[in-house]
Amino acid sequence: MEIAVLLKPVPDPAQYDKIQIDPATGILVREGLKTVINPEDKHALEAALQLKEQYGGRVALIGMAPASAVETFREGLAMGAEEAFLCSDRAFAGADSLATSRVLAAAVKKAGPFDLVLSGSTSADGGTAHVPSQVGELLGFAHLTHVIQFEIGSDGLASVRTKMENGYRESRGRLPLVLGIRRELNTPRYISLMGIMAAQGKPVHVWSLDDLGLDKGKVGLAGSPTQPGKLYQPDMKRKGEVLQGEAWEVAQRLVGIFRSTGILG
Amino acid sequence: MAEKRLAIWVVVEQNQGKLASVSIEVLGQAARLVETASALSGGVAVVLLGDQVGDLAEELSAYGVDQVYWVDDPRLKHYQNDSYSGVLQRLVEREKPDILLFGATGAGEELAPTLAARLSTGLAAHCTGLDVNADGQLVMKVPAFGGRVLGEIFCPNTRPQMASIKPGTFTVPQRRAGRGEIVREDASSLLLDTDIRLTTVDVLQSEPLGLPLEKADVVIAGGYGMGSKKNWGLLEQLAAELQGAVGCTRPALDEGWTAGEHTMIGTSGKTVRPKVYLGCGISGAAHHAAGIKDSGVIINVNRDALAPAHAYSDYCVTADAKKVVEALLEEIRRTKNEKRGR
Ligand SMILES: Cc1cc2nc3c(=O)[nH]c(=O)nc-3n(C[C@H](O)[C@H](O)[C@H](O)COP(=O)(O)OP(=O)(O)OC[C@H]3O[C@@H](n4cnc5c(N)ncnc54)[C@H](O)[C@@H]3O)c2cc1C
Ligand SMILES: Cc1cc2nc3c(=O)[nH]c(=O)nc-3n(C[C@H](O)[C@H](O)[C@H](O)COP(=O)(O)OP(=O)(O)OC[C@H]3O[C@@H](n4cnc5c(N)ncnc54)[C@H](O)[C@@H]3O)c2cc1C
């Protein structure tokens, strides 16, 4: 089975509390944040590696990111993917989900053909959850997202369970498919030392706008139907009155507060 | 009478004959926009897809809706992206609304980006605010980095302007007097069998037991600092005494202490707005905080005086959460007994 995994390098979500907006320029300050594989994409990659173990074939990583993100793709190769395709061009900067999906779909076509495209369901940074569906549309593949369980038979028939509010939905369809994976699906494997060594010898292809044959007006900020305005940080600050004393004293104060809000008679 | 232009469409969601609450929440915003935005002219329409859902069309028409586009067909019984997006695409291309709104549910998060790609237009994800500026453009406020950052998004050059809204972001509006017109569309011209590549074979939805978090006046939320499943039981006792509900952070969920994923609060979970929120052993990451910011009174108990959660609290307690919860239980029970004794 030929499988593409969409892998997005993101700033480490454990450090988002350090992100600031520069009040003078309104620009996002995220210096010093480590770049990691988007957490859900590791679950997508794990699923792909398991299918490869079951059916044979190859797993390719595909992403759009600055060229400096090569190391993040090496991590994915160390987990067990065969090769990586990194789409990197100044023209791609500032892309919204549709402009991003155009680049990713073009790369999937060029690197393919693939039977299956797996992605995370939501990125940790932008987090729109649009990309799996939009890549599916642009490729002309059927697609499902928020996938929490799936099986693909040797006949290419897939049964896919997607998460819904208070439950799930079970769908059936044929490959090729794009599936957006949630973290409930599996537990990603650890990277082994052997894997890290093997990854050094695996190919990382870097593709530009011209390599992909895309129109400059369809990618990056210029090709994005959504345009960003002001950025700001939500002001959540409250009065922060400190309740001091022994636990029983604090409890008495809290009961008083509960009473005054009417939640306790 | 001149026909009223329908500027804003809300794509509503029904599951097994029940309207999703988020659809009504979104309708409230649509009605607010047409009433308050002077640069926007026109009314509100909803699009309802399903199988024998005429009664829902009636129900919807009472929320400040000018028109209900109702498409009924056995093939639309369950949501499926292929069939639903086929119908919606044809309707939108025919009627050309300015604005198209969705609930960001499991289904909505497939349907909205699918349509945006087919229509080559912009979609803003998980809006926490919607307004119309002086030029009549929709200003969509969206979160990123787990809620740490908010950004404005515009869709200047293409139509419709599309936006999705998560459940619980806005409150449910009141029903109103007056009814919208219900227009039953001909499903056979809007839905083609060739649209359908995927079939829904099963849908399982069940309301979790107990008071839903988003309806509770009191939310007792616990985090990793609660330390054990045994200590978690104290939170459940406290919620029971206060007739509230217990919520959790992702680490507490992952530890297996909680009643399940439906109790997680934050960017990837529920949004709550109780009268009182009490956080116990929660650090206050942006991912969690984004789900509680509209609460009435926010109290946090954390043994670390510098925990970020204290910064967004009305009241802060720097102490062991287990001890405070135990003392609180004792105090509440004591005062209840005293009352009874009187
Ligand atoms: C503050 C802010 C707000 C934004 N709001 C919007 C908005 O409302 N609408 C909009 O269209 N865009 C928006 N964007 C831009 C959007 O986040 C980017 O376009 C991003 O490149 C792709 O979307 P995502 O990260 O949201 O992906 P998601 O759709 O959340 O990602 C799902 C999966 O798709 C794959 N994927 C996504 N991007 C890549 C990539 N570059 N390389 C490889 N795989 C990838 C990954 O597998 C990922 O797990 C916003 C950005 C910011 C900073
Ligand atoms: C993509 C993504 C999405 C996410 N979505 C969500 C989400 O929707 N909701 C969510 O909650 N999280 C979410 N998270 C996780 C989030 O980033 C934080 O890791 C999480 O909210 C922290 O949970 P916590 O406060 O319970 O644990 P910790 O951050 O470990 O904090 C524990 C706190 O307890 C305190 N403590 C320890 N012992 C005691 C004691 N005895 N008494 C009192 N205090 C004590 C500590 O001082 C500390 O502040 C998400 C993460 C990612 C990457």
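Before you select anything, a word on residue classes: Ala, Val, Leu, Ile, Met, Phe, Trp, Tyr, Cys and Pro count as nonpolar, Asp, Glu, Lys and Arg as charged, and the others, Gly among them, as polar. Keep in mind, too, that this is a predicted model.

**Stop 1: the largest cavity.** The count comes to three cavities of 30 Å³ or more, and the largest has a volume of about 140 Å³. To find it, select B:Val11, B:Val12, B:Glu13, B:Ala107 and B:Leu111, which are the closest to its centre among the 14 lining residues. Now colour strand S2 (14–15), strand S6 (99–103) and helix H4 (108–119) of chain B: these are the elements that give two or more residues to the lining. By class, that lining divides into eight nonpolar residues, five polar and one charged.

**Stop 2: the second largest cavity.** This one has a volume of about 60 Å³. Select A:Met164 and A:Arg169 along with B:Gln14, B:Asn15, B:Gln16, B:Lys77, B:His78, B:Tyr79 and B:Val203 to show its lining.

**Stop 3: the domains of chain B.** In the contact you'll find nine residues from domain 1 and seven from domain 2. Together the two domains bury about 580 Å² between them, 49% of it on carbon and sulfur atoms. Next, pick B:Gly146, B:Lys166 and B:Gly168: on the domain 1 side they lose the most area to domain 2, together 55% of what that side buries. How many salt bridges cross this interface? The rule finds zero.

Technical notes. Residues are numbered from 1 along each chain as its sequence is written. Chains are lettered from A and ligands numbered from 1 in the order in which they are written. This is a predicted model: local features need pLDDT of at least 70, side-chain atom pairs count only at pLDDT 80 or more; totals for chains, interfaces and linings use all residues. Side-chain values use heavy atoms; hydrogens and water are left out. On a 1 Å grid over the protein atoms alone, a cavity is a set of points where a 1.4 Å probe fits but cannot get out, and a pocket is an open set with protein on both sides within 12 Å along at least five of seven lines; lining residues have an atom within 4 Å of a point. Grid points are joined across faces, edges and corners, and a volume is the space filled by probe spheres set on the points. Helices (H or I, at least four residues) and strands (E, at least two) are DSSP runs, numbered from the N terminus. Contact means heavy atoms within 4.5 Å. Buried area is the accessible area (1.4 Å probe) that two parts lose on being put together, summed over both. A salt bridge is a side-chain nitrogen of Lys or Arg within 4 Å of a carboxyl oxygen of Asp or Glu.
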